[in-house]
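Here are my notes on this model, as numbered points. Please read them with the structure open.

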Amino acid sequence: MAAAVVVLPLLAALLVPFSGLQPAAAGGNAAAATVVVKAATAIARTDDNFVCATLDWWPSDKCNYGMCPWYNSSIINLDLDNPILHNAVKAFNSLRIRLGGSLQDQVSYKVGSHFGHCRSFRRDDGGLFGFTDGCLHMNRWDELNVFFGKTNTTVTFGLNALRGRSKAAGGNDTLYAGDWDGRNARDLMRYTVGKGYRVESWELGNELSGSGVAARVAAAQYGRDVARLKRMVGRVYSGTGGEEPKVLAPGGFYDGPWFSEMLRFSGAGAVDGVTHHIYNLGSGKDSDLIKKMQDPSYLDQAKKTFRDMATTVRDAGPWSSPWVGEAGGAYNSGGKDVSDRYVDSFWYLDQLGMSAAYGTKVYCRQALVGGNYCLLNTTTFVPNPDYYGALLWHRLMGPVALKAATAGGGGAPYLRSYAHCSREQPGLTVLLINLSNSTAFDVSVSGGPLGAAPCGGRREEYHLSPHGGDIQSQVVLLNGEPLVLAPGGQIPELRPAAVADGCAPLRVAPHGVAFVRFTNFKAPACA
């Protein structure tokens, strides 16, 4: 079938190469670009719960760069009764939450007879990541699952993959050797099944792949352990009448040869989701974070990781699919006054669009609460700008991803564009991200080779912009109005601006983000 194409031409102007300066608009307000959406066939399909957020184990005394931004946001002590938290999660009506993080390979579960000692995390300079081992008590697991049930959360749980292993002899090598002892994990699963709690997926380990972070495990050993976990899940859930949970691994930074070997040794069908982590902006104290978030060339560097990851999974584990199990942009808790501000939307929403286009099934943002990269303020739970971007994506962008690109190569690198079939509604939704601080884009829709004008009918627009034009604002505007909590901590309604003539020009302001649903557009890939 010939490709069906929707063309979104923009007024012409010349963009300068990125050099830390934004492009100046010729004549003051326009730039040359054409966005082409190929709508005949899908390029990828995400999971229905593509948008995901994490909860971490970090205690309040987790500190970086002289700051301790985690407060009481740990899986162990997060206030699950807070109405804003409850409403923020429930607003997604199926938000995926991944429980895990650096300390997960030091957590015991106080159930059964194989947990050993079970104590609270405390500072220990000799421990991994500067902490002792920690403990998950079953009364807390009960509380978490009550919360998950009330908010219709899809749960991914990260298991301790170092249990039973010991540090290999010799020098300062971080290699841990020996078989994984899964008995404590099995007891947790049995308790979970017995209580009727639903865990959609179990993930083995955190950042132990390749060279690891504080510890590492050889790929062949890891593969055998994942196969053991798969068999364990099958036995525990056999006869329960429910769907068997997925098995995920390895939850680490991408290393092609290591990932390939792990998949070969785990065997066909063992790994349902190959999880990797992304912190492509560098350190949380990097003074160039804001510059990187607005640099199209820098943002594009992540394409190689997504492309290589997809190739590895296709070649070594075609039964599986790539997932981003954790991504916070800047590591070590994110950037202060950056990762929780409007400017982070340039990186975050671009990552959602880019990763989906390369076949990523799930993208987990670090973190729902905690650190500087939180979707919800760590002490007040008030949503940060990226929360609203995530919610709009979840509500508007369906699983089917379509090819969207700027025609003629790099004609307008500051306009980022992504397209999906609309979620649970007819039509097509396009995400437009304007990285320029001075150039607006005027977008109009032509019929192209689709016959009847695809832009006919109503268009729904959701324009995001920073309060006062300050990209470091924590307040985001939707169609010019601040998004603030309603009485009782309710998430505000996200109402679009309706345009009766869907073919009328569409303007995306400098530093603006727009989700635009073309209600009457009939894409063959969306049928």
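1. "Buried" here stands for a relative accessible area under 20%, "exposed" for over 50%, and "partly exposed" for values in between (1.4 Å probe, protein chains only). Thr192 is buried, since its relative accessible area is 0%.

2. The model is predicted, so local features need pLDDT of at least 70 and side-chain atom pairs count only at pLDDT 80 or more, while totals for chains, interfaces and linings use all residues. Residues are numbered from 1 along each chain as its sequence is written, and side-chain values use heavy atoms, with hydrogens and water left out.

3. Thr192 sits in helix α3, residues 183-195. Helices (H or I, at least four residues) and strands (E, at least two) are DSSP runs, numbered from the N terminus. Leaving aside residues up to four places away in sequence, Thr192 touches Trp141, Tyr197, Val199, Trp202 and Tyr237; contact means heavy atoms within 4.5 Å.

4. A barrel is closed by 8 strands in the order β4-β5-β8-β11-β12-β13-β15-β17, with parallel pairing. From one strand to the next the twist averages 25°, with axes being lines fitted to C-alpha atoms (for helices over the stretch in contact) and angles running from 0 to 180 degrees between N-to-C directions.

5. Within that order, β12 (residues 246-253) and β13 (residues 273-278) pair in the parallel sense over 5 bridges; two strands pair if DSSP finds at least two bridges between them. Gly252 has His276 in β13 as its bridge partner.

6. Helix α9 (residues 344-357) has 14 residues and reaches 20 Å from its first C-alpha to its last, close to the 20 Å expected at 1.5 Å a residue. The expected span is 1.5 Å times one less than the number of residues. Of the 14 residues in α9, 13 are buried. Gly359, which follows α9, has a positive phi, near 90°.
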